Amino acid sequence: SFSTEPQRLPTGLLIGGEWVRTSSGGTMAHVNPATGKVQAEFPVAGDSEVDDAVSAARRALPAWRGLAPQARATLLQQVAQGMRDRSEELGLLTTLENGTLKAYASAFAQFGASWFDYYAGWTDKLHGANLPFAGALDYTVLEPVGVVGIFLTWNGPTGSIGMKAAAALAAGCTVIIKTPDLAPFTTNVFGEICAAVGIPGGVVNILSGGTDTGYSLVRHPGVDKISFTGGPETARSIQAACAESLTPLVLELGGKSANIVFPDADLERVTADAAAGICGLQGQVCNAPTRLLVH
C-alpha cells in the first residue's frame, strides 16, 4: 500500500535546461483517476514557451550531434540506470497520474530504461555506405534529422519515452517532449534524470499542456520531425498540419496483436494468457492481443 497523495508531484516546463513554473498558457488541473479529486495544477505551454523550447533545442543541436558516439552512448546508459534507480518513484507517479496498477507501474520504468540501453548500442553503428559507381566516388552519410517533437502515450509514458526519445537522442537529435495532459508528472522525473547525468541543457525539453500546446509544436517551422502515438482523430489533425510544411511524421495508432495457436499448444495456458492479455490494464494497451488465430 502507499499514500494516494505523495509529497511531491513534479510539475513545470523544462526549456533549455531550466525549469519554468509559470507560462503564458495558464494552468491545467490534474485529476486523480482513483479519487476524482484535483491533485495538482500544472503549467500549460503557450506559443511563447513552445517557441522557446524549439529555440533551445536548435541551439543545443550542433554540439549534441557533434558529440562522439560513445559519449552519447555513455549518457544514455546513465539515463537508463537513473530510471531504474527511481523506478519505484516513477511507478508511484504513474499510478497517481493515470491509474495504472502498482504491480505494472514500476515495470514501465524498467521497460523504458531497457530501450535507452538498447539504443545506446546503436550510437556508433549509424553510418552510411560506399556505393559502386564507375568513374566516381559515390557514398551516403547518415545525419541526425534535427529537432524531434515527441507526443507520449497517456497510459505508459515512461515506456513511451524509452521507445521514442532514446532513439532520437542516440541518432544525435534533440527532442521536445509533449507530456499527455492525463499524465504530466513522470516525464518531469525523466527530465531530472537527464540533468543529473549531464545531458546538456536544451537537448531534452519537456512541455505540458493540452491540444493547443500540441498543435503549436506540430506547426512550428523549427521542428524537423514529429512522433505521435494516440488515437486516429487526433492523428488526422496532426497529419494535416504536418502536410502544410511537409514535416516528416511517424504515427502509431494502436498496433493490436494476434495470438497464434498451433495444434500442439497447451490450451489451458493459451486461454489464461489470452484472457490476461486482453483484460490487463482494462485492455488499454497498444499491444493487447485482441485476436486469436487458431489452427
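Buried means under 20% relative accessible area, exposed means over 50%, and partly exposed lies in between (1.4 Å probe, protein chains only). The areas come from the Shrake-Rupley method with a 1.4 Å probe, and for residues only the protein chains shown count as cover. By that scale Asp-224 is partly exposed, at a relative accessible area of 22%.

This is a predicted model: local features need pLDDT of at least 70, side-chain atom pairs count only at pLDDT 80 or more, and totals for chains, interfaces and linings use all residues. Residues are numbered from 1 along each chain as its sequence is written, and side-chain values use heavy atoms, with hydrogens and water left out.

Start with the salt bridges. A salt bridge here is a side-chain nitrogen of Lys or Arg within 4 Å of a carboxyl oxygen of Asp or Glu. The whole structure holds seven. In one of them, Asp-224 pairs with Arg-58 at 2.9 Å, N to O. Asp-224 sits in the loop between α7 and β10 (225-229) and Arg-58 in helix α1, so the contact ties together parts that are 166 residues apart in sequence. Helices (H or I, at least four residues) and strands (E, at least two) are DSSP runs, numbered from the N terminus. Arg-58 is partly exposed, at 35%.

Next, turn to Arg-84 and Asp-117. Their closest N and O atoms are 2.5 Å apart. Arg-84 belongs to helix α2 (residues 69-85) and Asp-117 to helix α4 (residues 102-120), so this pair links distant parts of the chain, 33 residues apart. Both ends are partly exposed: Arg-84 at 26%, Asp-117 at 31%.

Arg-269 is exposed at 57%, while Asp-273 is partly exposed at 42%. Elsewhere, Arg-86, Glu-89 and Glu-192 are linked in a network of salt bridges.

Asp-47, Asp-51, Asp-52 and Asp-212 form a negative surface patch. Patch residues have over 30% relative accessible area and no salt bridge; like charges are joined within 9 Å, and nonpolar side chains (Val, Leu, Ile, Met, Phe, Trp, Tyr) within 5 Å. Asp and Glu count as negative, Lys and Arg as positive; His and the chain ends are not counted. Helix α1 (residues 47-66) gives the largest share, three residues. Asp-212 comes from helix α7 (residues 211-219) and is exposed, at 68%.

Note on methods: The place of a charge is taken as NZ of Lys, CZ of Arg, CG of Asp or CD of Glu.
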